[in-house]
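Thanks for coming. I have one structure to go through today, and I will keep to a few side-chain pairs. Please have a look at it first.

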Amino acid sequence: MAKSHLKLPADFSSELKAKNKQSFAQNQKLSAKGFTLIELIVVMLIMSIVLSLVGPLTLRMLDRAQAQSELISFKNSISKVSYIAFASATEHSFELNKDQLIVYKANRELQQTKFDYLSFAPQTITFNSRGYPYPETMVIELPNKSEEVNLFKLVEGVDARIEE
């Protein structure tokens, strides 16, 4: 058997080494552009810690804003029924029980509203034909506090909160 010898050019090995160095340099550049797994895990950990601190505060603020919105809606309902009682010269009433508001005109139910964040002691508020409420004050229970409201001042358009 005869051995076959390939004759390679003299500068072949130096060319091969140069190509290998070039290829290695390109691979280094490509890997330098990305992030390591450890770096990604650290960033995810930091983000989860921040979210665990901020998340509950955000939810509480959202609940507080929704409760405030319901309170404003309730106060607007009082003003509206007072105006309707005055304009029609007929007696109207509110029946409040836990989280429910029912509006009556001459013992006939006009409207029923259920609240998610407000609650009330069982009571009836009557608006006479001049639109004035009796009793003049009531307590509204919010999730973290209770607020006493002067209905007479609310109907008159002044600040209805009672200072303690």
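I will take the salt bridges, then the aromatic rings. One note before that: this is a predicted model.

Start with charge. Side chains of opposite charge can pair when their charged atoms come close. How many salt bridges are there by this rule? The count is two.

One of them is between the side chains of Glu147 and Lys75, at 3.3 Å from N to O. Glu147 sits in strand E7 and Lys75 in helix H2, which runs over residues 37–88, so this pair ties together parts that are 72 residues apart in sequence. Strand E7 itself covers residues 146–150. Is Glu147 buried or exposed? Its relative accessible area is 8%, and buried means under 20%, so Glu147 is buried. Lys75 has 17% relative accessibility, so by that cut-off Lys75 counts as buried too.

Now to Asp99, which forms a salt bridge with Lys114. The closest N and O atoms of Asp99 and Lys114 are 2.9 Å apart. Asp99 is in the loop between strand E1 (92–98) and strand E2 (100–105), while Lys114 is in strand E3 (residues 108–114), so the pair ties together parts 15 residues apart in sequence. On accessibility, Asp99 is at 25% and counts as partly exposed. Lys114 is at 58% and counts as exposed.

That leaves the rings. A pair of aromatic rings is described by the distance of the centres and the angle of the planes.

Take Phe74 and Phe115: their pair is edge-to-face, with 6.0 Å centre to centre and 80 degrees between the planes. Phe74 belongs to helix H2 and Phe115 to the loop between E3 and strand E4 (119–127), so parts 41 residues apart in sequence are tied together. Phe74 is buried at 0% relative accessibility, and Phe115 is buried at 4%.

Next, Phe94 and Phe127. Why is this pair edge-to-face? The planes of Phe94 and Phe127 stand at 80 degrees, and over 60 counts as edge-to-face, so the pair gets that label; the ring centres are 5.4 Å apart. Phe94 lies in strand E1 and Phe127 in strand E4, 33 residues apart, and the pair links these distant parts of the chain. Phe94 is buried, with a relative accessible area of 0%, and Phe127 is buried at 0% as well.

Last, which residues do ring pairs link into a cluster? They are Phe74, Phe94, Phe115, Phe120 and Phe127.

Terms used
Residues numbered from 1 in each chain as written. Predicted model: local features only at pLDDT ≥ 70, side-chain atom pairs only at ≥ 80, totals over all residues. Heavy atoms only, no water. Helix = DSSP H or I, 4+ residues; strand = E, 2+ residues; numbered from the N terminus. Buried < 20%, exposed > 50% of the residue type's maximum accessible area, 1.4 Å probe, protein only. Salt bridge = Lys/Arg side-chain N within 4 Å of Asp/Glu carboxyl O. Phe/Tyr/Trp six-rings, centres within 6.5 Å; stacked < 30°, edge-to-face > 60°.
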